[in-house]
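Welcome, and thanks for opening the viewer. Please follow the stops in order, selecting each group of residues as it is named.

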Amino acid sequence: MKLYPISTSQLQLLESGQFINRVITDFINTGIDPKKDGEFESIFSELQSQSPVYNDALMQVKAKAETETILKLDVIRDQKISTVRRAVSVFEYTDDAAQRMAYQELRSILKKYSAIDKANYEAESLGVDKLVKELKEAKFDAMNLLGLEFHILNLEKANFNFKKMFDSRSSNVISTETFDTKSLRNSIFATYKDLAEYVLLMAKRKKTPFFIETLKAINYGREYYADILAKRAATGTAQ
């Protein structure tokens, strides 16, 4: 009997929370009553009590990272709006009659959305959708006549990317509570280490179904995440 080898320090931040959640879930799914061993129950209860706080800390980290990504995607979107405006302005002094009509048509549409990049996130997303639609359907086949399809499609793509990230973000509001994530991680994994080593020791000494089955449950998660780490190392993916 042994613990399946794994370096938990190599787990990515969000993975570490999932790892602990799995430890708890896998044991509960065995149907074993933790009260059958007082020491085990005490350590397991401590792990359970630490888990929600640690998960909150991880979600705050994730939400902050997503907020930074959303800001970057909004900047990219605003840049694409500016690019479309500049591309249209190139034809301001054209001598070609057809191009001049196309320019005036697109300029009129863009004027309606002159403040679109100053609007709030949701309003800008909706506004860009409408702007793209009007530009594509503009009279005189203006978009194609002025060769603007590439720029307008880029704007449409930038808006799609923003909306996708914004709609799937973890939280609308990041908690004002500040977590010491590093300290919480160290603490919860110290508790996990105590639990795993205690179960291994008792499984070797007592050889009772309680500890043998619990050891199996603990090893399920260890093996699963050890495989993830091994595949990541093999492909050279960043930790």
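## Stop 1: H3 against H4

Begin by selecting helix H3 (residues 97–112) together with H4: the two pack at an angle of about 170°, with their axes 10 Å apart. Angles over 145 degrees count as roughly antiparallel, so H3 is roughly antiparallel to H4. Keep in mind throughout that this is a predicted model.

Now show the side chains where the two helices touch. From H3, pick Leu106, Ile109, Leu110 and Lys112; from H4, pick Leu131, Glu134 and Leu135. Sorted by class, the residues of this contact of H3 with H4 are 5 nonpolar, no polar and 2 charged.

## Stop 2: H2 against H4

To see the contact, select Ile70, Leu71, Asp74, Arg77, Asp78, Ile81 and Val84 in H2, then Tyr121, Glu124, Ser125, Val128 and Leu135 in H4. The contact of H2 with H4 holds 7 nonpolar, 1 polar and 4 charged residues.

## Stop 3: H1 against H7

Next, hide those helices and display H1 and H7. Their packing angle is about 35°, their axes are 11 Å apart, and the crossing of H1 and H7 is left-handed.

On the H1 side, select Leu13, Ser16, Phe19, Ile20 and Val23; on the H7 side, select Thr181, Arg185, Ile188, Phe189, Tyr192 and Leu195. By class, the contact of H1 with H7 has 8 nonpolar, 2 polar and 1 charged residues.

## Stop 4: The nonpolar cores

In soluble globular proteins, nonpolar side chains tend to be buried together. Which residues have the most contacts inside the largest nonpolar core here? Select Phe19, Ile20, Phe40, Leu47, Phe189 and Tyr192 to see them; the core they belong to has 32 residues. At least two residues of this core come from each of helix H1 (13–30), helix H2 (38–89), helix H7 (181–205) and helix H8 (209–235). H7 gives the most to this core, supplying 10 residues.

Zoom in on Phe40. Setting aside neighbours within four places in sequence, Phe40 is in contact with Phe27, Pro34, Leu195, Tyr198, Val199, Phe210 and Thr214. Apart from this core lies another, of 23 residues; Ala102, Leu106, Leu131 and Leu146 are among them.

## Stop 5

Select Ser51, which lies in helix H2. Ser51 has a relative accessible area of 6%, so it counts as buried. Beyond its neighbours within four places in sequence, Ser51 is in contact with Ile20, Asn21, Ile24 and Ile188.

Then move to Asp37, in the loop between H1 and H2. Is Asp37 buried or exposed? With a relative accessible area of 9%, Asp37 is buried. Not counting residues up to four places away in sequence, Asp37 touches Tyr198, Lys206, Phe210 and Phe211.

## Stop 6

Most residues other than glycine have a negative phi. Asp141 has a positive phi of about 50° although it is not a glycine. Find Asp141 in the loop between H4 and helix H5 (142–145); at a relative accessible area of 44%, Asp141 is partly exposed.

Lys207, in the loop between H7 and H8, is not a glycine either, and its phi is positive at about 55°. Lys207 is exposed, with a relative accessible area of 54%.

Finish at Glu137, in the loop between H4 and H5. Its relative accessibility is 56%, so Glu137 counts as exposed. How many Å apart are Glu137 and Tyr198 in space? Draw the line from C-alpha to C-alpha: it spans 70 Å, for residues that are 61 apart in sequence.

Technical notes: Residues numbered from 1 in each chain as written. Predicted model: local features only at pLDDT ≥ 70, side-chain atom pairs only at ≥ 80, totals over all residues. Heavy atoms only, no water. Core = buried A, V, L, I, M, F, W, Y, C linked by side-chain atoms within 4.5 Å. Buried < 20%, exposed > 50% of the residue type's maximum accessible area, 1.4 Å probe, protein only. Helix = DSSP H or I, 4+ residues; strand = E, 2+ residues; numbered from the N terminus. Contact = heavy atoms within 4.5 Å. Nonpolar A, V, L, I, M, F, W, Y, C, P; charged D, E, K, R; others polar. Axes fitted to C-alpha atoms, helices over the stretch in contact; angles between N-to-C directions. Parallel < 35°, antiparallel > 145°, perpendicular 65-115°, else oblique. Left-handed = near helix turned anticlockwise from the far one by under 90°.
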